[in-house]
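Reader: I am new to this structure and would like to learn how to read it. Please take one feature at a time, with the general idea before the case.

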Amino acid sequence: AANTGPITRICMASLQVSNTVAVLFHKDKCPTTVAEAAEVFATIGDVARLDMSLGTTVGLLFVTFYDVRVAQRVVQHTKPFAWPAQAGMDDFRAVSWSSSQFANLPRQERGFERFGEIARIFSCGGDIIIEFYDMRAEWPLLVVAPSSLRFVWRDQAAQWLPHLVGDDGQDVHVVRNSKDKVCKSAKLVVCTYDLLRRCERLRRRSDGRDYLVVVVDESQSIKESTSQRTKVVVGICKAARRVVLLSGTPAVNRASELYTQLEALMPSEMPSFSQFAERYSYKQTLRFGGRTTVKWNGAQRPAELNSLLGSVMIRRLKKDVLQQLPAKRRMKVPLDPESINQESCSNQTRAFPRFKKHAPVEDFRGFGPHQR
């Protein structure tokens with residue numbers, strides 16, 4: 001279980017009924033790809049997760065449905081070839097609320113049905129347990145990404161999660177401008193840093209509630225604690241239940257640059273910025289005229305810092321994921337001549353021969369004579 005204020009999330013492994021079902025196929029008829037399996041089970045109900053690790057050897061698939069009633073129907077109608085399986089530790093559709101906290105809660109704020117259809121409410125060990133049928137209260141997912149990667153996220157979601165967002169990504173909403181209204185049926189919302197900074201309305205779901213799952217791509221963009229962009233994105237992360245930060249270079253050479261990213265991941269466990277910087281960085285005081293500026297450079301206590309990062313960071317080297325990376329692509333991007341600053345273009349054209357003259361031959365290796 002994971003605590004969030006007075007509420008405790010109850011892992012489904014502790015409930016009597018699981019959303020996960022084990023389904024046994026004849027090995028010759030067992031789906032071999034995620035897309036094939038998703039197509040088979042999508043006719044029954046919405047699929048949250050597929051585990052095909054035993055499919056090729058024994059024909060056994062583990063399917064997690066969002067709605068527990070779907071899982072129950074599968075078990076009921078396909079015995080003995082399907083049976084309940086152990087739920088994932090991160091799956092939950094029930095919350096526990098302290099009885100004393102619940103009693104003091106204003107009646108108008110007890111409307112848990114607004115989060116989903118309630119299966120039952122019962123008392124257990126002095127706590128109030130609210131169990132839902134469906135565990136999709138966390139949708140939609142918010143992805144914060146640079147402008148150039150907005151549509152890449154949509155395309156990749158359609159490629160890897162067709163059973164969730166559709167083959168052409170119809171359930172992915174890419175926010176294009178500040179006037180764009182997010183579709184209520186969207187399961188994945190992609191928004192840029194700049195739009196979130198400028199438009200307060202986009203910082204919440206279409207129903208007005210906080211996003212509960214947030215993915216921040218190129219998270220080094222929020223390393224400056226004083227920027228408005230960082231304050232907005234970190235605030236969104238703090239209100240979420242689950243946060244994933246993606247970055248190839250979370251910090252360059254200053255440990256202090258990690259603070260805001262760690263604060264987004266574990267806000268309740270982080271000290272103040274000054275305490276963190278004093279412990280893991282070197283202080284440098286600079287004076288410009290009558291003004292004094294403090295900078296935090298480098299990193300100290302590297303072993304301790306590495307241990308801290310190891311508790312929240314999963315590092316993947318290129319050699320570990322080389323097979324998953326797409327092949328290198330070369331493409332031509334035509335430019336509109338009318339939109340180009342002709343004066344700047346002329347300056348660059350005149351400067352290029354001088355660069356080519358002084359640059360070493362190695363800089364042009366791989367290009368034909370006509371391409372230099």
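Author: Start with contact, which means heavy atoms within 4.5 Å. Leaving aside neighbours within four places in sequence, Asp-134 is in contact with Tyr-66, Asp-67 and Arg-93.

Reader: Where is Asp-134 found?

Author: Helices (H or I, at least four residues) and strands (E, at least two) are DSSP runs, numbered from the N terminus. Asp-134 is in the loop between strand 9 (127–132) and strand 10. Asp-134 and Arg-69 lie 65 residues apart in sequence, and their C-alpha atoms are 8.4 Å apart in space.

Reader: What kind of model is this?

Author: This is a predicted model, in which local features need pLDDT of at least 70 and side-chain atom pairs count only at pLDDT 80 or more, while totals for chains, interfaces and linings use all residues. Residues are numbered from 1 along each chain as its sequence is written, and side-chain values use heavy atoms, with hydrogens and water left out.

Reader: What is the mean pLDDT of the protein?

Author: pLDDT is the predictor's confidence in each residue, from 0 to 100. The mean for the protein is 82, and 87% of its residues reach 70 or more. Over residues 1–5, pLDDT stays under 50, and the model has six contacts beyond four places in sequence for them. Over residues 361–372, pLDDT also stays under 50, with eight such contacts.

Reader: What is the order of the strands in the sheet with parallel pairing?

Author: Two strands pair if DSSP finds at least two bridges between them. The open sheet of five strands with parallel pairing has the order 11-12-10-13-14. Strand 11 (172–174) and strand 14 (242–246) are its edge strands, each pairing on one side only. Inside the sheet, strand 10 (residues 141–145) and strand 13 (residues 213–217) run parallel and are joined by three bridges. Val-144 stands opposite Val-216 in strand 13.

Reader: Which strands does helix 8 touch?

Author: For directions, axes are lines fitted to C-alpha atoms, for helices over the stretch in contact, and angles run from 0 to 180 degrees between N-to-C directions. Helix 8 (residues 228–239) packs on the sheet and touches strand 10, strand 13 and strand 14, its direction making about 145° with that of strand 13. Helix 5 (residues 150–160) lies across strand 10, strand 11, strand 12 (188–192), strand 13 and strand 14, and runs at about 170° to strand 11.

Reader: What is the order of the sheet with antiparallel pairing?

Author: That open sheet has four strands in the order 4-5-3-6. Its edge strands are strand 4 (47–54) and strand 6 (82–84), each pairing on one side only. The twist averages 25° from one strand to the next. Strand 4 pairs with strand 5 (residues 60–65) over five bridges, in the antiparallel sense. Leu-60 in strand 5 is the bridge partner of Leu-54. Helix 1 (residues 34–42) packs on this sheet, touching strand 3 (20–24), strand 4 and strand 5, with its direction at about 130° to that of strand 4.

Reader: How do helix 10 and helix 11 pack?

Author: Angles under 35 degrees count as roughly parallel, over 145 as roughly antiparallel, 65 to 115 as roughly perpendicular and the rest as oblique. Helix 10 (residues 273–280) and helix 11 (residues 302–310) pack at about 130°, with their axes 10 Å apart. Helix 10 is therefore oblique to helix 11. Phe-276, Arg-279 and Tyr-280 of helix 10 make the contact with Glu-304, Leu-305 and Leu-308 of helix 11.

Reader: How many aromatic pairs are there?

Author: Rings of Phe, Tyr and Trp (its six-membered ring) pair if their centres lie within 6.5 Å; planes under 30 degrees apart count as stacked, over 60 as edge-to-face and the rest as tilted. The count comes to six aromatic pairs. The rings of Phe-25 and Phe-41 have centres 6.2 Å apart and planes at 80°, so this pair is edge-to-face.

Reader: Which residue other than glycine has a positive phi, and which bond is cis?

Author: Most residues other than glycine have a negative phi, and most peptide bonds are trans. Glu-218, which is not a glycine, has a positive phi of about 55°. Glu-218 lies in the loop between strand 13 and helix 8. The peptide bond joining Lys-79 and Pro-80 is cis, with omega about 0°. Pro-80 is in the loop between helix 3 and strand 6.
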